[in-house]
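Open the model in your viewer and keep the selection panel at hand. This tour goes stop by stop.

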Amino acid sequence: MTDKAPPKIRIGGLYKAFGTKRVLDNLDLDVGDGESLVVIGGSGSGKSVLLKCILGLLRADAGSITVDGEEVMGSPPEKREAINRKFGMLLQGSALFDSLPVWENVAFGLLAGKLMDRKSAREVAISKLAQVGLGPDVAMLSPSELSGGMQKRVGLARAIAADPEIILFDEPTTGLDPIMADVINNLIIETTREVGATALSITHDMASARKIAHRIAMLYQGKIIWAGPVSEITRSGDERVDQFIHGRADGPIQMAVRA
Amino acid sequence: MRVLQLIGSFVLGFLESTGRLVIFAGSAIGHCFRPPFYWRSLGRQLIDIGYYSLPVVGLTAIFTGMVLALQSYTGFARFSAESAIATVVVVSITRELGPVLAGLMVAGRIGAAMAAEIGTMRVTEQLDALTTLSTNPMKYMVAPRLIAGVLMLPLLVVVADIIGVFGGYLVAVYKLGFNPATYLQNTFDALKTEDVVSGLVKASVFGFIITLMGCYNGYTSRGGAQGVGAATTNTIVSASILILCFDYILTELFFAR
């Protein structure tokens with residue numbers, strides 16, 4: 001969180017377009033080591049695209065992304081995979097593998113990376129499930145037998161199973177009731193602090209952003225229009241940020257109601 | 001001019017999708033030979049493609065053999081050449097009908113299921129989830145399926161050959177009243193190694209085509225339930241046509257001198 005430490009992730013001049021639509025337009029963003037940064041922005045503002053570019057699920061058209069000072073853009077697949085091992089990610093719909101039982105979902109990264117045998121991977125999975133408040137009886141269930149909130153927890157357990165240095169959260173509270181959303185928020189805070197991980201989240205849920213962030217950045221029209229500590233967001237002095245955090249339909253941001 | 005434009009855009013579209021498929025196939029084959037290998041995943045596919053396709057392939061083969069014997073009898077009875085039936089059955093089953101019919105049935109059973117499974121994983125972000133867990137989806141999902149298809153189809157065809165010839169024997173002996181010993185002798189006389197081997201090579205190629213089309217269509221599917229449905233249909237149609245097309249090409253390579 002200190003200004004002197006080199007950033008964990010540094011994004012410079014990132015540009016991504018789909019056809020003629022510019023989704024990310026010369027975007028700059030730094031995420032400090034051990035910091036929890038939340039990127040807020042409206043639906044379709046390119047938040048998900050940003051995360052996918054960082055992980056290499058989408059290829060950005062131009063710009064630079066460095067992780068621990070290492071350039072990710074255009075690096076060969078082996079190096080890319082090595083860097084990706086530092087990441088864990090909770091996807092929006094949890095995206096659990098429905099062909100595998102819950103414990104194998106959680107232990108997937110450990111088993112696939114051949115980091116340990118099945119027996120010890122299973123023990124790790126059960127301890128990670130306990131960390132997100134799920135008992136060992138859940139381990140043998142199939143993901144389809146779980147509620148949405150429980151699936152999120154399993155997804156979180158899977159994201160932290162390999163003790164990643166950086167965890168990405170894609171709209172972690174979307175589709176959950178307010179109480180479950182707060183439970184997930186608390187788990188995110190606990191799990192990232194416990195492993196000392198850097199967290200980068202995207203959301204449009206302001207309650208969640210305020211709770212889990214050290215710092216908030218707002219993405220609008222492909223750029224970061226404001227970034228600062230969470231305590232200063234109400235004094236940003238930017239009308240667009242004010243409109244977003246208060247959730248007003250009228251203001252400088254005009255949502256396209258008709259496509 | 002509009003007609004030319006249409007033809008042009010059609011040709012460009014065709015070349016573009018062919019190119020995509022070839023690049024996908026090249027990358028998939030590469031992943032089959034480079035570690036890490038996912039043995040559990042491969043084992044599951046071997047069982048799914050090989051073992052669970054046995055009933056459907058066996059039933060197809062037995063009825064094909066039976067109908068072949070019956071049909072060729074009506075044809076050959078006029079020339080009083082009943083002994084030729086054994087030859088017709090064994091040659092057409094081992095060379096053609098075994099591999100082609102097994103290929104078509106497996107395309108319907110396995111190719112469609114692969115497209116649906118991988119397509120659903122694509123639209124529910126499960127393929128992305130694999131990447132976030134440092135697992136290359138080409139290696140984990142596609143490579144085991146390709147290997148299993150190439151290995152298991154020939155084995156299925158061996159079974160189909162045996163059952164098909166047996167179907168012909170049943171009809172010849174119990175319906176047409178041939179002498180069992182003579183029929184078997186005729187069958188073994190007509191059985192040639194190169195016929196069987198060419199059928200097995202065809203089967204391997206068909207196994208590759210089926211799994212490749214299933215994986216490719218699933219992997220590239222877009223747009224929810226409708227996209228997955230389209231991927232499934234495309235897989236069966238394109239795999240079936242490619243099987244028949246490559247059947248001709250391979251026959252030409254093996255037997256046309």
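A residue counts as buried when its relative accessible area is under 20%, and as exposed when that area is over 50%. Keep in mind that this is a predicted model.

Stop 1: Select B:Tyr140. Its relative accessible area is 16%, so B:Tyr140 is buried. Over all chains, the structure holds 12 aromatic pairs. One of them joins A:Phe108 and B:Tyr140 in an edge-to-face arrangement. The centres are 5.1 Å apart, and the planes make an angle of 80 degrees. Show the helices too: the pair crosses from helix H4 of chain A (residues 108-112) to helix H6 of chain B (residues 137-175).

**Stop 2: an aromatic cluster.** Stay in chain B. Select B:Tyr73, B:Phe166, B:Tyr169, B:Phe178 and B:Tyr183; together they form one aromatic cluster.

**Stop 3: charges over rings.** Which ring does B:Arg95 lie over? Select B:Phe255: B:Arg95 lies over its face, 3.7 Å from the ring centre. Next, pick B:Arg122 and B:Tyr219. Here the charged end of B:Arg122 sits over the ring, at 4.9 Å from its centre.

**Stop 4: two domains of chain A.** Colour domain 1 (1-79 + 166-185 + 197-259) and domain 2 (87-163) of chain A separately. Their C-alpha centres lie 26 Å apart. Zoom in on the interface: 17 residues of domain 1 are in contact with 13 residues of domain 2. The two domains bury about 1400 Å² between them, with 73% of it on carbon and sulfur atoms. How many salt bridges cross this interface? The rule finds 0.

Note on methods. Residues numbered from 1 in each chain as written. Chains lettered and ligands numbered in written order. Predicted model: local features only at pLDDT ≥ 70, side-chain atom pairs only at ≥ 80, totals over all residues. Heavy atoms only, no water. Phe/Tyr/Trp six-rings, centres within 6.5 Å; stacked < 30°, edge-to-face > 60°. Helix = DSSP H or I, 4+ residues; strand = E, 2+ residues; numbered from the N terminus. Buried < 20%, exposed > 50% of the residue type's maximum accessible area, 1.4 Å probe, protein only. Lys NZ or Arg CZ within 6 Å of the ring centre and 35° of its normal. Domains from an automatic or database assignment. Contact = heavy atoms within 4.5 Å. Buried area = accessible area lost by both parts, 1.4 Å probe. Salt bridge = Lys/Arg side-chain N within 4 Å of Asp/Glu carboxyl O.
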